Amino acid sequence: MMKLSTGLTIPDCFPSWRLAEVITGLRFRYKGARKEFDEIFDAIIEDHKQGSINMENSDRRWEEANFLDVLLEHQQHGDLKPITNDFVKAIILDMFIGGTESTSTLMEWVMAELMRNPRIMEKAQAEVRHVFGKKEKPNWRDTNELDYSKLILKETLRLHPPGPLLVPRECKEKCEIEGYEIPIKTRIIINAWAIGTDPRHWDDSESFKPERFEGSPIDYKGSNFEFIPFGAGRRVCPGITFAQTDALLILSQLLHYFDWKLPNEMKPQDMDMTEEFGLTVHRRSELCLVPVPRFPSKTV
Ligand code: HEM
C-alpha cells in the first residue's frame, strides 16, 4: 500500500484518460491491496468484538481501551451517525499510513543528527537520565518534562520534515500571489522543507541548532507559517500531539537505556546524510548504530 501510494504514475499525468489505470495494471493492484487489507482488518475487528467490551458496563476502564475499542464502542452505543465497518477500517488505515512511516523516519533523522552532534547528544542524554532517574520503566507522562528533547524534535522537523511537500491542494478560485496568476483548479504543492530552511526566516538555516527554539514562540501547530512540518489549515496533521508524545517516548527510551556508537570507528562528520524521496523523505542509507546497554539486560 505504501509503495502504491508513492511516486508519480502514468494515470497521475493523464487523469482524464480513464483506461490508463487499467492498462498499467494499477487498478488491479489497488483492488488486490484493498482485498488484503479488508481481510486483515475484518479479522482484527471480529477479534475485538469477540472479547467485546461494553465500555459502560464492563470493568475495563477507558484508560485501558485502545483506539479500535473506542471506535467500536461508538459503533455500538454512540449517538453520532451510524459508523459502518468500512468507516472504522478507513480510519484505522488512515492512522497507519499517517502515523507509522512519518514517525519512524523522524526518529532516524533525530538519531542521525544526535550522532553527528556529540555535544547535543550529551545534553539530551543528561536531560533524559536526570528526568527518568533510576526508573525501570519510564512512561509517556514523564516525557512532558523533556524540554531540551522537545527542541531537538523541532529542529529535526525543521531540517528533515518527513513529508516535505505536505498534501497537495487544489485552488478553489482564481487568485494572484506575488504577481503570479493562479487559475482555478490548479494543483498547489507547498514545499515545507524550503520554507523551514529559508535564510530569510532562519539564521544559519542549514545548521542543526535545537537552541534556536529556546524561548521562541514558534511551534509546529500550524500557525507559524515559517515552520509547517505538520502542514497547516483544515488538513493539518491530526496526529501532532500523538506524534510528539510518541517521538519523545521513543527518543527518551533510546537514550535512557543505551549509549550509542558509530560502527567501525566511523567519524560523525563521515556520516552519509543523503535523502531519498518516497512516501516520506527518509535516509538513503540505513542508519547503522551500535547500542551499548546501560542496565543489566533484565531491566531493558
Ligand atoms: C512525525 C510525525 C508526523 C509528521 C511529520 C506528520 C506530517 C503530516 C503532514 C505534513 C500532513 C499533511 C498536512 C497538510 O498537508 O497540511 C499529515 C497529514 C495526516 N497525518 Fe500526520 N504526521 C505525523 C504523524 C502522524 C500520526 C502519529 C498520525 C496518526 C496517528 C497522523 C495522521 C495523519 C492523517 C490522518 C493525515 C491526513 C489528514 C487530512 O488529510 O485531513 N500523522 N501529517
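## The cavity

The largest cavity has a volume of about 30 Å³. This is a predicted model. Across the whole structure, a search finds one cavity of 30 Å³ or more.

Which residues line the largest cavity? They are Leu106, Leu153, Leu157, Tyr220, Phe230, Ala243, Gln244 and Ala247. By class, seven of the lining residues are nonpolar and one is polar. No charged residue takes part in this lining. Helix 8 (147-159) and helix 10 each supply at least two of the lining residues. Helix 10 gives the most, with three residues.

## The iron and its donor

The ligand carries an iron atom, and Cys237 is its only protein donor. The donor atom is SG, at 2.3 Å from the iron. Where does Cys237 sit in the chain? Cys237 is found in the loop between helix 9 (192-196) and helix 10.

Cys237 is also among the closest residues to the ligand as a whole.

## The shell around the ligand

By class, 14 are nonpolar, six are polar and three are charged.

Three helices each supply at least two residues of this shell: helix 5 (85-99), helix 6 (101-116) and helix 10 (240-257). Helix 5 has the largest share, four residues.

For Arg169, an N or O atom in the side chain is 2.5 Å from a ligand oxygen. For Arg235, a polar side-chain atom lies 2.7 Å from a ligand oxygen.

A polar backbone atom of Val167 is 3.0 Å from an oxygen atom of the ligand.

## The second largest pocket

How much space lies in the second largest pocket? The volume is about 630 Å³. Its lining has 15 residues. Nearest the centre of this pocket are Arg169, Cys175, Ile177, Ile188 and Ile190. Strand 2 and strand 3 are the elements that give two or more residues to the lining.

By class, the lining has nine nonpolar, one polar and five charged residues. Arg169 links two parts of this report: it is one of the residues nearest the pocket centre, and its side chain contacts a ligand oxygen at 2.5 Å.

## Two residues with positive phi

Glu178 is not a glycine, yet its phi is positive, at about 45°. Glu178 is placed in the loop between strand 2 (175-177) and strand 3 (180-182). Is Glu178 buried or exposed? Its relative accessibility is 77%, so Glu178 counts as exposed.

Asn264 also has a positive phi without being a glycine, at about 50°. Its loop runs between strand 5 (258-261) and strand 6 (275-277). Asn264 has a relative accessible area of 75%, so this residue is exposed.

Definitions and conventions: Residues are numbered from 1 along each chain as its sequence is written. This is a predicted model: local features need pLDDT of at least 70, side-chain atom pairs count only at pLDDT 80 or more; totals for chains, interfaces and linings use all residues. Side-chain values use heavy atoms; hydrogens and water are left out. A residue is near a molecule or strand if one of its heavy atoms lies within 4 Å of it. A polar contact is a pair of N or O atoms within 3.5 Å; within protein, one must be able to donate a hydrogen and the other to accept it, and residues adjacent in sequence count only if both atoms are side-chain atoms. Ala, Val, Leu, Ile, Met, Phe, Trp, Tyr, Cys and Pro count as nonpolar, Asp, Glu, Lys and Arg as charged, and the others, Gly among them, as polar. Buried means under 20% relative accessible area, exposed over 50%, partly exposed in between (1.4 Å probe, protein chains only). Donors are N, O and S atoms within 2.8 Å of the metal (3.2 Å for Na, K and Ca); water is not among the atoms, so sites may look incomplete. On a 1 Å grid over the protein atoms alone, a cavity is a set of points where a 1.4 Å probe fits but cannot get out, and a pocket is an open set with protein on both sides within 12 Å along at least five of seven lines; lining residues have an atom within 4 Å of a point. Grid points are joined across faces, edges and corners, and a volume is the space filled by probe spheres set on the points.
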